[in-house]
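Open the model in your viewer and keep the sequence panel beside it. The stops below say what to select next and what is there.

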Amino acid sequence: QVFTFNGVKIKVEPSDKVKNGAPMSIICHADISKNTDFQLKHNFTFFKDGKLVFMTISDKEDARYEIPVAKSADTGDYECRVKAGDKLVISKAIYVWVTGMTKPILTADKREVSEGEIVKLRCELPEEVPPLEFFFRKIKTNSEPIEKRVSEQNQNFSEMEYYVEAGDNILQFDCFGKRQVKSGQESSQHSNKTLVTVKEPFRKPTLITTPSNNLTEGDIIEFECSTVAAEMRGIEIIFQKNRTILNSVRDKKFLKYSTLATQEDSGEYLCKVEQGAVSKTTKRNVFVSELFPKPTLSASMTQLDENKDLILNCSINGLRKANFSILRKSSSGDILLKKSRILAIKVNVNDTGSYTCKAEVKGIVKESKPVRISVYAPVSKPTLSVVSGSPEVVLGKPLQLICHSVMGTPPITFTFYKGDEIKKNVTNDTYATFLDEDIGLNDNGGYKCDARNNHSSGVKTSNILNVTVIVPIRGASLGSVPYGEVEVGSDTAFLCSVKEGSWPIDFKFFKKTDHEVLLYEVREYSDRTIWHKKTMKRKDTGTYYCMASNRASVDVRSRPITISVILAAWQKGVIAAFVLTAMAGAGAVALWWFLRKKKKGNVPPLFVLG
């Protein structure tokens, strides 16, 4: 008995797209070839999305998995496996789509609520399999539904809470669901509509203005804000203009507020009633027309010298009768100068500041814009000096000057001159600085500065400042006479000179040993100096150098020279004569000793007189 599988196929009847509630069949067919006509048992197993859903054993080559009422949960990938003997064959998968979802069921935990309370809703999709998406809708008359979305991964229902706002009289809720299919998303029908009625804990407030919404400055305006509530406990009434709270009461049904109307009182007013989470507001616009314009303060002069006369005049366009006062502004509060429309004073520097005037008509007080008055004392003659203190500068280095006026009302403008050329203008309080970075050999004077302010006396000029330019030392060299070799006992002249440098110059002579030894130093108003060293000795042999410096504070060192102290000619003759005399004496002693030994007969045999 030999058989073989030619293939296994799976199909759906009536089609792979079935309406929800309709019957469907999953048919598996095994195509088998046999060498003889013998009976063969077939083990059929059906899978949906990899999970076992049906199995049967048959001697036929076909098997059916019947689903009398198809549901959306039956959507998925189906395959069948056929086992005969020890052979197993698996079909290709087929996707079955059961279109349409079951209608959701919506329930609410309350059918009657008060404003500010919470309604809890539950939407269920029976016979549907998660993951699912639920959409809840809050429906109000003459407005778009408010929709909220929830995803559920493990259950076929979802819950949602809605806050009941002020003004929600009659509410309707519904829901619907969605699921993911291969072609996209599929939506269910909308659920039944659930009706919820809403009770008002209090009514929208009433705002009344007296005498009207249009007033004139100086009128008394009164506001009354009221409401009607089932329970006054916890009721709060707040009265505000823009964001500013003007008055408030608790556990009362009305509030009153009155004020003397000014132009600043024009605007929007709010009456707000709150209880718990519920808030209701009524708005009203009020317009207050102007009784008289703001006064204007004029000055005879805004900038004047000290001890001059100043006249301040306060006026109102088109109106002469008012209570005027003139004041000076201060950080600690306004200072009343005079209750009048005119103020005349002789000023000093301390009168500098801001002045205003006020006008009062029918209890309404208005203030003018401030006027700035500046009183100037003349500047004193400035002094010009070098910041470092000494009136000199090293060539190539910057020079910083300071110009200072002891007296004078700021701001003061300082002008720096180099010769007749203006170099810099600076405006400051009492002093200014100038940095000259272009110092040359010929810049030995000619600096001055001017100082001036708004006083009518004009410009004051400093004395001319002469600045000395210090040229740094350059090119130090050392020589000697005699040069190189010097006889013992003779004198040596060392000459140290520089190629360039401002006088006076400090010269120093050194001899190199294990450490530097200063031999001689001198200050010269010259570019060279000579050091006479008397009676040279053999120990004076060595290396010498010199160093030069001036007020530029830069030490310049020469190249070293070597001096050898040798014996004089007469000293060499004396030494030679001494040596010859010593040698002759030694020969005579040797001869005497030899003759004496010979006479005694005991001359050493190896001794040879040389």
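A residue is called buried when its relative accessible area is under 20%, and exposed when that area is over 50%. The model is a predicted one.

**Stop 1: a serine in a loop**

Select serine 72. Is serine 72 buried or exposed? Its relative accessible area is 2%, so serine 72 is buried. The residue sits in the loop that runs between β6 (62-67) and β7 (76-84). Now show what surrounds the residue. Leaving out residues up to four places away in sequence, serine 72 touches Asn20, Val98, Gly100, Met101, Glu128 and Arg179.

**Stop 2: the domains**

In an unreviewed entry, UniProt lists residues 205-287, 293-374, 382-466 and 472-562 under "domain: Ig-like". Select two of these ranges in turn. Residues 205-287 are 0% helix and 65% strand, with 21 Å between the end C-alpha atoms. For residues 472-562 the values are 0% helix and 60% strand, and the end C-alpha atoms lie 27 Å apart.

**Stop 3**

Strands of a sheet pair through backbone hydrogen bonds, either parallel or antiparallel. Between β19 and β21 (residues 220-226) there are five bridges, in the antiparallel sense. To find one of them, select threonine 210: its bridge partner is glutamate 222 in β21.

**Stop 3: the disulfides**

Show every cysteine side chain. How many disulfides does a search of the whole structure find? The search finds six. With bonded cysteines counted along the chain, the pattern is 1-2, 3-4, 5-6, 7-8, 9-10, 11-12.

Begin with cysteine 28 and cysteine 80, which are joined by a disulfide with an S to S distance of 1.9 Å. Cysteine 28 is in strand β3 (residues 24-34) and cysteine 80 is in strand β7, so the bond links distant parts of the chain, 52 residues apart. The link is right-handed, with 60° about the S-S bond. Both cysteine 28 and cysteine 80 are buried.

Move on to cysteine 403 and cysteine 449. Their sulfur atoms are 2.0 Å apart and form a disulfide. Because cysteine 403 lies in strand β38 (residues 399-404) and cysteine 449 in strand β42 (residues 447-452), the pair ties together parts that are 46 residues apart in sequence. This link is right-handed, with 70° about the S-S bond. Cysteine 403 and cysteine 449 are both buried.

Then select cysteine 496 and cysteine 546, a disulfide with an S to S distance of 2.1 Å. Cysteine 496 lies in strand β47 (residues 492-500) and cysteine 546 in strand β51 (residues 542-549), so this bond ties together parts that are 50 residues apart in sequence. The link between cysteine 496 and cysteine 546 is right-handed, with 70° about the S-S bond. Cysteine 496 has a relative accessible area of 0% and is therefore buried. Cysteine 546 also counts as buried, at 0% relative accessibility.

**Stop 4: the partners of β42**

Return to β42, the strand that holds cysteine 449. Which strand is joined to β42 by six bridges? That strand is β39 (residues 412-418), and the two run antiparallel. One place to look is lysine 418, whose bridge partner in β42 is tyrosine 447.

β42 also pairs with strand β43 (residues 460-461), in the antiparallel sense and over two bridges. Select alanine 451 to finish: its bridge partner is lysine 460 in β43.

Technical notes
Residues are numbered from 1 along each chain as its sequence is written. This is a predicted model: local features need pLDDT of at least 70, side-chain atom pairs count only at pLDDT 80 or more; totals for chains, interfaces and linings use all residues. Side-chain values use heavy atoms; hydrogens and water are left out. Two strands pair if DSSP finds at least two bridges between them. Helices (H or I, at least four residues) and strands (E, at least two) are DSSP runs, numbered from the N terminus. Buried means under 20% relative accessible area, exposed over 50%, partly exposed in between (1.4 Å probe, protein chains only). Contact means heavy atoms within 4.5 Å. A disulfide is a pair of cysteine sulfur atoms within 2.5 Å. UniProt positions are given in the numbering used here, feature names are shortened, and annotations may be inferred rather than shown by experiment.
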